[in-house]
Each structure stands twice: as structure tokens, then as C-alpha cells.
Amino acid sequence: MRKETVPIINKLGLHARAAAKVVHAANQYDSEIFIGTDDEEVNAKSILGLLTLAATQGTSVQIRTDGQDEEEAMSAMVALFKNRFGEDE
């Protein structure tokens, strides 16, 4: 199992389009992937779960991966967050 904390740096936070990108990326891996705040942890393969986090710009989230491809899954998730979900701002 791997854990890593990353900040949400894009202007709009973890909104619907960004959450859809997380779900799409997470579903490429067999590992379980969870994303959470201090209050709640949700399955990264569930768009509704991600939206319930209501994570805005500046929020730090913890990513947890567990499974046979957990290293690759973690790298992909961290890169997505650091790349602002492919958004300019």
C-alpha cells in the first residue's frame, strides 16, 4: 500500500471535469485507489464519490493505492493532480 498527499492547485478545484479525468485514469489500474481529505475518503473510481469531497483549490488530499500495480497507479494520480488535471489554470 502507498500513500501520498498532494495539493489541489488548479483554480476550480476537483470539479466535475477534473473528477472525470481522475476516474478515467483510476480505471486504467487494477489496484484500489482512494482519495480523501481529513474528513472523508472515497473511491477514486467513483465520480460521485469524488464530487462529495468538495475539494477546492488549496485543499490537500491523500491518495492511497493498494494492489499489484499500485506504484504505477500512484504515479499516474500524482501526475494528474500536479498537472492541474490538464487545465491551464
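The model is predicted, and its secondary structure comes to three helices and four strands, which follow one another along the sequence in the pattern β-α-β-β-α-β-α. For 89 residues a compact globule would have a radius of gyration near 12 Å, and because the protein has 11 Å, the value agrees with that expectation. The C-alpha atoms fill a box of roughly 35 × 25 × 20 Å along the principal axes, and 43% of the 89 residues are buried. Of the contacts between residues at least 6 apart in sequence, 70% join residues at least 24 apart. The protein exposes about 4900 Å², of which carbon and sulfur atoms supply 45%.

Strand 4 takes part in two antiparallel pairings, one with strand 1 (residues 2–7) and one with strand 2 (residues 32–36), as the table sets out.

| Strand pair | Sense | Bridges |
|---|---|---|
| Strand 1 and strand 4 | antiparallel | six bridges |
| Strand 2 and strand 4 | antiparallel | five bridges |

Within these pairings, Lys3 stands opposite Arg64 of strand 4, while Ile35 stands opposite Ile63 of strand 4.

Both Ile35 and Ile63 belong, with Leu14, Val22, Leu50 and Phe81, to the residues with the most contacts inside the largest nonpolar core, which has 26 residues. Helix 1 (16–26), strand 2, strand 4 and helix 3 (70–82) each supply at least two residues of this core. Neighbours within four places in sequence aside, Val22 is in contact with Leu14, Ile35, Ala44, Leu50, Met77, Leu80, Phe81 and Phe85.

How values were computed
Residues are numbered from 1 along each chain as its sequence is written. This is a predicted model: local features need pLDDT of at least 70, side-chain atom pairs count only at pLDDT 80 or more; totals for chains, interfaces and linings use all residues. Side-chain values use heavy atoms; hydrogens and water are left out. Two strands pair if DSSP finds at least two bridges between them. A nonpolar core is a set of buried Ala, Val, Leu, Ile, Met, Phe, Trp, Tyr and Cys residues joined through side-chain atoms within 4.5 Å. Buried means under 20% relative accessible area, exposed over 50%, partly exposed in between (1.4 Å probe, protein chains only). Contact means heavy atoms within 4.5 Å. The radius of gyration is taken over C-alpha atoms; the globule rule is 2.2 Å times the number of residues to the power 0.38. Accessible areas come from the Shrake-Rupley method with a 1.4 Å probe; for residues, only the protein chains shown count as cover.
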